[in-house]
Each structure stands twice: as C-alpha cells, then as structure tokens.
Amino acid sequence: QHMLNAALGFNSSDLDIQQSVEKSVTALIPVLPAFRDQCRQNQQVLKAMQVEEVEKKKEKDGEKEGGVTPSHTALMRAKVVGTLVSHPKSSFSTRVFDDIRAEVEEEIEKMRVELREAAAKIAEERREGAAQDGDGSKDAPYYLESMRMQAAATTRIAVPYLLSFSSELEIDMLELSAENLCSLLGVDELKHVKAEVEGVLSSVTTHRRRIEETEDPPACLRSTSALSSFLKGTVPAGVDDDCFTVQAASALSTSEPCYASKWRCEFGEAWEYLTSTLARWEELEGRINEALAKEESTAADYALLSSLLDELLSSDVVNEVAATALADRLHFITSQSTSRYDESYSRDKEELAVRVKKALAKREVTEDDFPYLKKLLDEVRTESSDDAKREWQRAISDKLECITRQSVAGQDTCGKCYSRAASHKCLPCSHVSICEECVAKQLSSQEVDVMKKMNFHIVKPDDTPIECPYCQQAAAYISLH
C-alpha cells in the first residue's frame, strides 16, 4: 500500500497528497533493504529459469535431429530447484516448494514412516548389543557400526523413492546437495543419502575400471567367485570396500531404471557391465568344464582344448586352475602322440606351444622355475622367429625377470650364476643382470684388470660375445652399476 501510495502521488501538486507520500516513503525506508535482497534473489532464480528454457530448446532441437539424453531436462531443473533452495527469500521459492511437495506428499509420508521404522529397529539392535556387552567396552564400536548401518539402510529405502520423485517431477533429486534435498522434501533423515550414493557409484565404477585395465587380483575382481560375491552384496577376500556400501549397491541394483537421474544412469551402466562380464566369464568356464569333463582326451580334442586355453589366457578373467588343467590335458595328448610315433615329436611346434602356455599360465614363479624357463626360452628362440614365438619370448623373459630381480643383500641377483649379487649393467639393454666374477670368466686377465680400473668393458666386434643373462641380447658395453 505504501509503495502504491508513493508511486501514484509522487508527482501530485496537492500539498496533502505530498504529505501522504512523505509518510509512505518514510514507512518504506526500514524495509527497503529486505525488498532489495528479495529482488536480487528473484533475479537469480529467473536467470536459472532462463537457462533451463534455453536448454529445453536445445533438447527439442536435438530430438528433431535424433539424439538427446533423457535425463538432461531433469538435470537442468534440479539446478533451478537448487537455486530456489539457496535463495529462500525469493518470492518464487515458497510457492514452488509447496507445489513440489503437494505432488508427492503421500510418497514422502510413506518414506518417512519406513525410515523411522528402520531407525527404530537399528536403535533396538544397538541397545541389545550394548546390553550383552555388559561392561560397556564395546559401546563406541556398536554406536559407530549402527550409524553406518543406519546410513546404508536409509539409502536403500530412500533412493527408490527419490528416483520415483525424479521421474514424476522430472527433477533429478540426486543432483541436489544433501542440504537442499532435506530442505526441499522436509525430511532431515536424508542428510547422508547423497554421500552414500556417491560411495556406491564410486565403488562400482572403480571395479569396472580395474577389470577393464586388467589390474591384478585380489583388489581387482577378476575371478567369477569374487565378482559374483560382490554383485550379491558380499565383500570378497582381499577387497577393502565398505561392507555396507557393497550391500547398498547390490540392493539398489534392483531399483527401476530412471532416465531422469544421472546417478541411476551411470550406476546402471557400470552395474550392467559387471553383470555381463560375469555372464561372459561363466560361459567361458562352462565350456572349459564341459571339455575337461571328458574322461580321456584324444588328438581330435587338441584343437578345441588349445583354442579354449588361448581364449582363457587372453581374456580378463583369472582362473589358474582351469588354465593348468587345460595345459595338462594338452600335454597328455602330445605325450601320447610322442610315444606312439616318434621321440623327435617332443620338439614339435604344437608340443612346444603346450609347454609354453602351461608355463605362462603359472602366475607366481620362484627361483626353482628359473632353469626350466631359461631352457624353454632357448627352445623358443631356436624353433622359430614368427610373431607368436616373439610374443612367447617376451612373456617368458618377463617371468625370468621376476626371478632374476630378487633381492640378495638388497641388490639384484646375477642371472648367470644365480648365487651372487648382480653388480654390472649390460648395455644397450640396461639390465643390471651379471656379477663381476661371471664377467671376468669371459675376459682375459688383462681385460679384467682394465675393467676393474675403468669400471667398464667394451666388447669389441671380434671378441667372444657376451650376452645379457636376462634378455640374451648381445652386450656392447659392460659397466659397473
């Protein structure tokens, strides 16, 4: 009324009206700062709404061209709602909040009831645990565990409701901050949900990345048993995930797909990758088990068994038992062929391939494996120089490196005598792989003296070749490391 009175009478030539305008202006002075703040907040909300309208137009244009992410509008509307919550003095905020709550009022009340029942149940379990403890020594652990349990239970209950709200209102609820989510729906129990769903998504996407990058187990779920346990909500041995987070992930995997939720889309994609990966691994292991179930394999089975072993070794699943069983069965077939036909068949390409694959299937190697691997590498180098054999050479060399680079008094082991610390480096391969004594055995006494004085030896073209014990590359220089 004061604003209207001042505006209408400001330019009047009537004295009484001007006096009335003065009174109205005076009355307005104390509330002008509040009006100014409300005006500024209205501007912020309107700017956010304008951005949403622009994005909606882009989305419609995208639909005409044949491609748009369904959750984009919901994401933009979540940003508008977040702006409204952050500016509670805006004249739009209360109206919008009331409209949103009115649309999902019944569902919000159902969610509240379920959350309270779950919290009461967990609190009762905590009291019972504390009573059984007696001396109170486990009060703190009981309390902390019950808090984690309650946060996880709240997430399992609330997220399906929030996804339903997202679809119904076309507002991505899980894109709101924890504080804004609680304020919008008027449910304080939701304060930990945001952090919990982020933890769930992080866990699932991390395990997907580890499998894709073929990291080593047990941290990477590269066995059917480990991945199956994780998908069922159990933390596999050797994995440091929070058990409540894993349980929540498994429970939320059954929630309905929601294209109005960015979180649900990303979670669903990662979870689908893990489930399809497990199905692929189980299908491969099923074919392997079926092939191995045959009591006695013959030469006719060789191609199938060899193909299965190649497929297993090249896949991202780790199953040493199956790999060893396949290699043993192949070795049996070639051994039978050898005894039936000719002793020279033992050096045939197929028999060599079986022994190489069996050696490579063993993940952990020790110094006891060194002589056999060294002999096997020499055979591979002699047999052929095609691409497959070069790949075998590289793989066997990697195994040899795992052995030769063992610690002896804090230093590398000599790959020639395998008893002294390696002290000299071969160049150009740069492997610290040989001790001074083993180098000296291949030099004249004069060359040994020069090497000890200069700390290096140059291998001349007409000298007896000196090979790096690890990679068998001819050394041009030998230097003290």
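Let's start just after helix H10, where Gly233 takes a positive phi of about 95 degrees. Helices here are DSSP runs of H or I with at least four residues, strands are runs of E with at least two, and both are numbered from the N terminus. Please keep in mind that this is a predicted model, in which local features need pLDDT of at least 70 and side-chain atom pairs count only at pLDDT 80 or more, while totals for chains, interfaces and linings use all residues. Residues are numbered from 1 along each chain as its sequence is written, and side-chain values use heavy atoms, with hydrogens and water left out.

Now to H10 itself, which covers residues 224–231. Is H10 mostly covered or mostly open? Mostly covered: six of its eight residues are buried. Buried means under 20% relative accessible area, exposed means over 50%, and partly exposed is in between, using a 1.4 Å probe and protein chains only. The buried residues of H10 are Thr224, Ala226, Leu227, Ser228, Phe230 and Leu231. What covers them includes H9, helix H11 (243–252) and H12.

Two packed helices are described by the angle between their axes and the distance between the axes. The axes are lines fitted to C-alpha atoms, for helices over the stretch in contact, and the angles run from 0 to 180 degrees between N-to-C directions.

For H11 and H12, the axes come within 11 Å and cross at roughly 95 degrees. That makes H11 roughly perpendicular to H12. The cut-offs are these: under 35 degrees is roughly parallel, over 145 roughly antiparallel, 65 to 115 roughly perpendicular, and the rest oblique. On the H11 side we find Ala249, Ser250 and Leu252, which meet Trp263, Arg264, Phe267 and Trp271 in H12. A contact, by the way, means heavy atoms within 4.5 Å. The residues of this contact divide into five nonpolar, one polar and one charged. Here Ala, Val, Leu, Ile, Met, Phe, Trp, Tyr, Cys and Pro count as nonpolar, Asp, Glu, Lys and Arg as charged, and the others, Gly among them, as polar.

H12 (residues 262–292) has another partner, helix H13 (residues 302–314). At what angle do the axes of H12 and H13 cross? At roughly 150 degrees, and the axes come within 11 Å. H12 and H13 are therefore roughly antiparallel to each other. Leu284, Arg287, Ile288, Ala291 and Leu292 in H12 meet Leu304, Leu305, Leu308, Glu311 and Leu312 in H13. That contact divides into eight nonpolar residues, no polar ones and two charged.

Next, salt bridges. The rule asks for a side-chain nitrogen of Lys or Arg within 4 Å of a carboxyl oxygen of Asp or Glu. By this rule the count comes to 16 salt bridges.

Let me pick out Glu109 and Arg112, whose side chains meet in a salt bridge at 3.2 Å, N to O. They are three residues apart in helix H6 (residues 105–133), so about one helical turn separates them. Glu109 is partly exposed, with a relative accessible area of 37%, whereas Arg112 counts as buried at 18%.

Another pair is Glu196 and Arg148, with the closest N and O atoms 2.8 Å apart. Which parts does this pair tie together? Glu196 lies in helix H9 (residues 193–212) and Arg148 in helix H7 (residues 139–169), so the pair ties together parts that are 48 residues apart in sequence. Glu196 is buried at 10% relative accessible area, while Arg148 counts as partly exposed at 25%.

There is also a network of salt bridges that links Arg209, Arg210, Glu213 and Glu215. Within it, the side chains of Glu215 and Arg210 meet at 3.8 Å, N to O.

One more residue: Leu185, in helix H8 (residues 178–185). Leu185 counts as buried, at 2% relative accessibility. Leaving aside neighbours within four places in sequence, its contacts include Ile108, Leu162, Phe165 and our friend Arg112. Leu185 and Ile108 are 77 residues apart in sequence, yet 7.4 Å apart in space, C-alpha to C-alpha.

Finally, the whole chain. It comes to 19 helices and six strands. Of its 481 residues, 41% count as buried. Among contacts with a separation of 6 or more, residues 24 or more positions apart account for 58%.
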